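Here is a short report for a reader meeting this structure for the first time. Please look over the sequence and the model before reading on.

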Amino acid sequence: MDNRHAGQTIISNEPAIRSSPLDTPVTLTPVDWNNKRLFTLFWPLIIEQLLVVTIGIVDMVMVSSVGEHAVSGISLVETINFLIITAFNAIATGGSVVASQYLGRKEENNASSSAKQLVYISLIISIALMIFTIFTRGLMLRTIFGNIADDVMQAANIYFLFIALSYPFLALYTAAAAMFRSMGNSKVPMRAVVILNIFNIAGNALFIYVFKWGVAGAAISTFIGRVVIAVLLIYLLIKDKTRIINLSGLTKIKLEGAMIKRILNIGIPSGLEASMFQIGKILITRIFTAFGTVAIAANAVGATINSIAFMPGSGFGMGLLIIVGQCIGARDYLAAKRYTKKIMILSYLTYLFININIFIFMNPIISIFNLSAEAHEMCVLFLRVHCITSTLFWCPSFVLPNALKAAGDARFIMITAACTMWLVRVCLAFFMAFTLGLGPVAVYLAMGADFLFRGIIFTKRWLSNKWIEKKVI
């Protein structure tokens, strides 16, 4: 389409690109994400996601000097903690989709209004989750993981307390970072995570090695870092009133039901999808606890290393959400399809490169974590299975759905993800682990099968064009 017609009503003689019962003219405002803009958006997103993973790796490595019980305790907490974090990310996703679509329509005031509502509901939900977690953390650990060694339980309980206290600040950071990304500014959230890593490493060194606080030291340094970056990003959005999205007047609290509903129409299905996914992963973790501390530690290290490979893909997914959201807001469906294809190719190439390197260098990488010989060997097996299956199937399973969410198709993603998680990953993992006697590696085999089925369904949905009929704003 000729860019000279931007903002005008275009009646195209070309075949409709969407499966819609309405054969009506469409107002298209072309969205231009050229290669330079894409590069400027994506490289900070990828670096940010890698730095986020670094926090967990640093905690694991530095606390490993305390013993395998400490590594195992943190691993169990992080499994539950990720479930909490997904709630914040889901709400932020809803806010990001709404804000991006408003920006695609050039409605900056509505985009800023959606940002304020996102902050309010994120803070309310995070405080409720913090209070609930503090008072029920011991019960959650026992209920979910069953019989845990006393030293592992003690480490998990201590770590969980301090991490729960950081939830409101993590939620504020997540909401603010989502708004910066919606504006196409991914550098500010990246710099915030750099600051978080500095606080985390320095704090760990002080609290673990100097003060000898063990897992508590690792948790306290993370808490301090989250407070700093949350305050920083919220301050930047309030201070600079010239930003396309700003939080000017945030303290004059006014809840807008219609805007909150738009956010939650994406956020709730996304949250339920992610929550059910994480609950399934938590249940599967019982397979590792059934095979002892060695299996728990091997999975903790394997999952940490795998997360390095996931993070660039997560960065591409975040960017895809923003880009497609703006395209949908401008009703530029051709651009949405074009950019989705381009980003999927980039995701595959990046993921292939990272997994090849993990496969080649996995032994020296695992050695960093000071595992026992038995746990080291088990971790190698986990990583080999995962590198192969995830390279083939992960991108259409977890990057592509962001394009569907950006169009408002979150409910379909929720239903699909729940079905594949429980019918494929959970059931198959328990069947192979205990009935077939494959042991804990069954979890990684079932995970690969889940990637396969999920990717097939999401790809078919995208190609069907049914997502074009969805409406967010």
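Are Glu-48 and Arg-181 buried or exposed? Both are buried. Keep in mind that this is a predicted model.

## Salt bridges

Side chains of opposite charge can pair when their charged atoms come close. A search of the whole structure finds 6 salt bridges. One of them joins the side chains of Glu-48 and Arg-181, at 2.5 Å from N to O. This pair links distant parts of the chain. Glu-48 sits in helix α1 (residues 35–63), and Arg-181 sits in helix α5 (residues 167–182). The two are 133 residues apart.

Arg-461 forms a salt bridge with Asp-409, with the closest N and O atoms 2.8 Å apart. Here too, distant parts of the chain are linked. Arg-461 belongs to helix α14 (residues 441–464), while Asp-409 is in the loop between α12 and α13. They are 52 residues apart. Both Arg-461 and Asp-409 are buried.

The side chains of Asp-450 and Arg-425 meet in a salt bridge of 2.9 Å, N to O. Asp-450 lies in helix α14 and Arg-425 in helix α13, so the pair ties together parts that are 25 residues apart in sequence. Salt bridges that share partners join Arg-425, Asp-450 and Arg-454 into one network. Asp-450 and Arg-425 are buried.

## The bend in α3

Helix α3 has 38 residues. Its end C-alpha atoms are only 47 Å apart, short of the 56 Å that a straight helix would reach. A kink of about 70° is centred on Thr-136 in α3. After α3 comes Gly-146, whose phi is positive, near 70°.

Arg-137 is in α3. The residue is buried yet has no salt bridge. Glu-78 has the nearest side chain of opposite charge, and it is 13 Å away. What does the side chain of Arg-137 reach at 2.7 Å? It reaches the backbone oxygen of Ile-134. A polar contact of 2.9 Å also joins the side chains of Arg-137 and Asn-157.

Ser-126 is another residue in helix α3. Ser-126 counts as buried because its relative accessibility is 0%. Beyond residues up to four places away in sequence, Ser-126 touches Phe-88, Tyr-167, Pro-168 and Ala-171.

## A buried loop residue

Val-399 lies in the loop between α11 (373–398) and α12 (401–406). Val-399 counts as buried, because its relative accessibility is 0%. Leaving aside neighbours within four places in sequence, the contacts of Val-399 include Gly-313, Phe-316 and Trp-394.

Definitions and conventions:
Residues are numbered from 1 along each chain as its sequence is written. This is a predicted model: local features need pLDDT of at least 70, side-chain atom pairs count only at pLDDT 80 or more; totals for chains, interfaces and linings use all residues. Side-chain values use heavy atoms; hydrogens and water are left out. Helices (H or I, at least four residues) and strands (E, at least two) are DSSP runs, numbered from the N terminus. Buried means under 20% relative accessible area, exposed over 50%, partly exposed in between (1.4 Å probe, protein chains only). Lys and Arg count as positive and Asp and Glu as negative; His and the chain ends are not counted. A salt bridge is a side-chain nitrogen of Lys or Arg within 4 Å of a carboxyl oxygen of Asp or Glu. A polar contact is a pair of N or O atoms within 3.5 Å; within protein, one must be able to donate a hydrogen and the other to accept it, and residues adjacent in sequence count only if both atoms are side-chain atoms. Contact means heavy atoms within 4.5 Å. The expected span of a helix is 1.5 Å times one less than its number of residues. The bend at a residue is the angle between axes fitted to the seven residues ending there and the seven starting there.
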